[in-house]
Amino acid sequence: MAYSETSSASIGSIPSSEGPPCHCSQRTVMTVSWTDENPGRRFYKCEEHGFFLWHDKEKSCPWQKKSLLEAREKILSQREEIKALSVALRQANGQITALEVSRSSGSINDTLKRIEDHVSAHINETQRMVRKVVVCSGGGLALAAALMVYYLKK
C-alpha cells in the first residue's frame with residue numbers, strides 16, 4: 001500500500017508492537033492523519049519506505065469528520081495565538097529586565113552628579129598643589145634675589 005495523503009502527525013515516534021512489519025521487516029510507527037479526507041484516522045507507517053496500513057478500518061462518519069476538522073482549525077489558530085503571546089511575553093520580560101537594571105543602578109542624574117563631584121574634587125586638589133608650587137617658587141625666587149643682592153653688595 002502506498003500512502004498518498006500529505007498531512008499527518010506522529011502520536012509518538014515509538015514503534016508499535018501491534019503494528020505490522022514493513023516489507024523491509026522494520027517495525028511500523030502509529031501515526032494520526034490530519035488530512036481533510038481522513039482527519040483523526042490512525043495508521044501504521046514505515047519511516048523509510050512509505051509503507052502504511054490503516055489501524056482504523058472505517059473512515060469517520062460525516063459529523064465526526066466535521067468535528068475533527070473544526071478541532072484541527074481551532075488547534076492551529078490557538079498555536080498561532082500562543083506564538084504571538086510568547087513573543088509579547090518575551091518583549092515584556094525584556095522591558096521589565098531593562099527597568100530593573102535602570103532602577104538598581106540608580107538614575108543617570110545621580111551617576112552624573114557623582115562623576116561631577118569627583119572631577120571637581122580633583123580640580124580643586126590640582127589647583128591647591130599649583131598654588132603651593134607657585135608660593136614655593138616665589139619664595140625661592142625672593143631668597144635667590146636677596147642672596148644675589150647680598151653678595152653683590154659685598
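This is a predicted model: local features need pLDDT of at least 70, side-chain atom pairs count only at pLDDT 80 or more; totals for chains, interfaces and linings use all residues.
Let's start with the rings. How many aromatic pairs does the count come to? Three. Take phenylalanine 43 and phenylalanine 52. They form an edge-to-face pair. Their centres are 5.9 Å apart, and the angle between the planes is 85°. The cut-off for edge-to-face is over 60 degrees, so this pair qualifies.

Next, phenylalanine 52 and tryptophan 54. This aromatic pair is edge-to-face too. Here it is 5.5 Å centre to centre, with 90° between the planes.

Now, is phenylalanine 43 buried or exposed? Buried, because its relative accessibility is 0%, and buried means under 20%. Phenylalanine 52 has a relative accessible area of 7%, so it is buried. Tryptophan 54 comes in at 15%, and therefore counts as buried as well.

Tryptophan 54 has another neighbour to look at. Which residue lies over its face? Arginine 41 does, at 3.9 Å from the ring centre.

On to the threonine. Where is threonine 35? Find the loop between strand 2, residues 29-33, and strand 3, residues 42-45. Threonine 35 sits in that loop. Why does threonine 35 count as buried? Because its relative accessible area is 7%, and the cut-off is under 20%.

What does the side chain of threonine 35 contact? One partner is serine 33: a polar contact of 3.1 Å links the two side chains. Look also at asparagine 38. Its backbone nitrogen lies 3.1 Å from a polar atom of the threonine 35 side chain.

Methods. Residues are numbered from 1 along each chain as its sequence is written. Side-chain values use heavy atoms; hydrogens and water are left out. Rings of Phe, Tyr and Trp (its six-membered ring) pair if their centres lie within 6.5 Å; planes under 30 degrees apart count as stacked, over 60 as edge-to-face and the rest as tilted. Buried means under 20% relative accessible area, exposed over 50%, partly exposed in between (1.4 Å probe, protein chains only). A charge sits over a ring if NZ of Lys or CZ of Arg is within 6 Å of the ring centre and within 35 degrees of the ring normal. Helices (H or I, at least four residues) and strands (E, at least two) are DSSP runs, numbered from the N terminus. A polar contact is a pair of N or O atoms within 3.5 Å; within protein, one must be able to donate a hydrogen and the other to accept it, and residues adjacent in sequence count only if both atoms are side-chain atoms.
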